[in-house]
Amino acid sequence: RDRHWNQLSKELGFEVRPGVTLVTMQDVYGLELSLHQDVILKVSEVAGKEHGIEKNLAQMKDEWKEMQFEIQPYKYDGVYIMKGADEVQQLLDDHQTLTQ
């Protein structure tokens with residue numbers, strides 16, 4: 001993502017952009033990127049973790065799209081109950097665990 005390339009460029013003090021300043025392996029050597037492995041690794045780790053979170057979030061959204069709530073009246077006193085609450089609770093618990 002652009003924000004990661006921007007962060008990398010800012011921390012390195014020079015522009016690093018695929019297709020612009022990074023086209024060939026010679027560009028990698030010319031910029032002496034091997035001297036900045038610690039910075040590159042740090043930004044890469046953050047990018048990887050963000051990608052994992054975004055992927056999990058998209059999966060969670062898809063799972064909730066299919067979830068349907070069935071509401072029924074309970075007796076005759078104007079109160080309603082949700083049927084299938086166990087399935088909803090299980091999905092919610094699974095997603096809470098995934099995001100921790």
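This briefing covers the fold, the surface and selected residues of one predicted chain.

The model is predicted, so local features need pLDDT of at least 70 and side-chain atom pairs count only at pLDDT 80 or more, while totals for chains, interfaces and linings use all residues. Residues are numbered from 1 along each chain as its sequence is written, and side-chain values use heavy atoms, with hydrogens and water left out. The chain has four helices and two strands.

**Overall fold**

- The elements run α-α-α-β-β-α from the N terminus on.
- Helices (H or I, at least four residues) and strands (E, at least two) are DSSP runs, numbered from the N terminus.
- The C-alpha atoms fill a box of roughly 80 × 25 × 20 Å along the principal axes.
- Take the contacts (heavy atoms within 4.5 Å) between residues at least 6 apart in sequence: 39% of them join residues at least 24 apart.

**Surface and charge**

- Of the 100 residues, 15% are buried.
- Buried means under 20% relative accessible area, exposed means over 50%, and partly exposed is in between (1.4 Å probe, protein chains only).
- The accessible surface comes to about 8,200 Å², and carbon and sulfur atoms hold 55% of it.
- These areas come from the Shrake-Rupley method with a 1.4 Å probe; for residues, only the protein chains shown count as cover.
- There are 11 positive and 18 negative side chains, and the centres of the two sets lie 3 Å apart.
- Lys and Arg count as positive, Asp and Glu as negative; His and the chain ends are not counted.
- Each charge is placed at NZ of Lys, CZ of Arg, CG of Asp or CD of Glu.

**Helix α3 and its partners**

- Helix α3 spans residues 37-65, which is 29 residues.
- From first C-alpha to last, α3 reaches 42 Å, close to the 42 Å expected at 1.5 Å a residue.
- That expected span is 1.5 Å times one less than the number of residues.
- Val 39, Val 43 and Met 60 are buried in α3.
- The buried residues of α3 pack against α1 (2-12) and α4 (85-99).
- Val 46 also sits in α3, and counts as partly exposed because its relative accessibility is 40%.

- His 4 belongs to helix α1, and counts as buried because its relative accessibility is 11%.
- Beyond residues up to four places away in sequence, His 4 touches Val 43, Ala 47 and Glu 50.
- Val 46 and His 4 are 42 residues apart in sequence, yet 8.4 Å apart in space, C-alpha to C-alpha.
- Arg 17 lies in the loop between α1 and α2 (25-30).
- Arg 17 has a relative accessible area of 15%, so Arg 17 is buried.
- Its contacts, not counting residues up to four places away in sequence, are Asp 2, Trp 5, Asn 6 and Leu 22.

**Strand β1**

- Pro 73 lies in strand β1 (residues 70-74).
- Pro 73 counts as exposed because its relative accessibility is 58%.
- Neighbours within four places aside, Pro 73 is in contact with Val 79 and Tyr 80.
- Pro 73 and Lys 55 are 18 residues apart along the chain, and their C-alpha atoms are separated by 38 Å.
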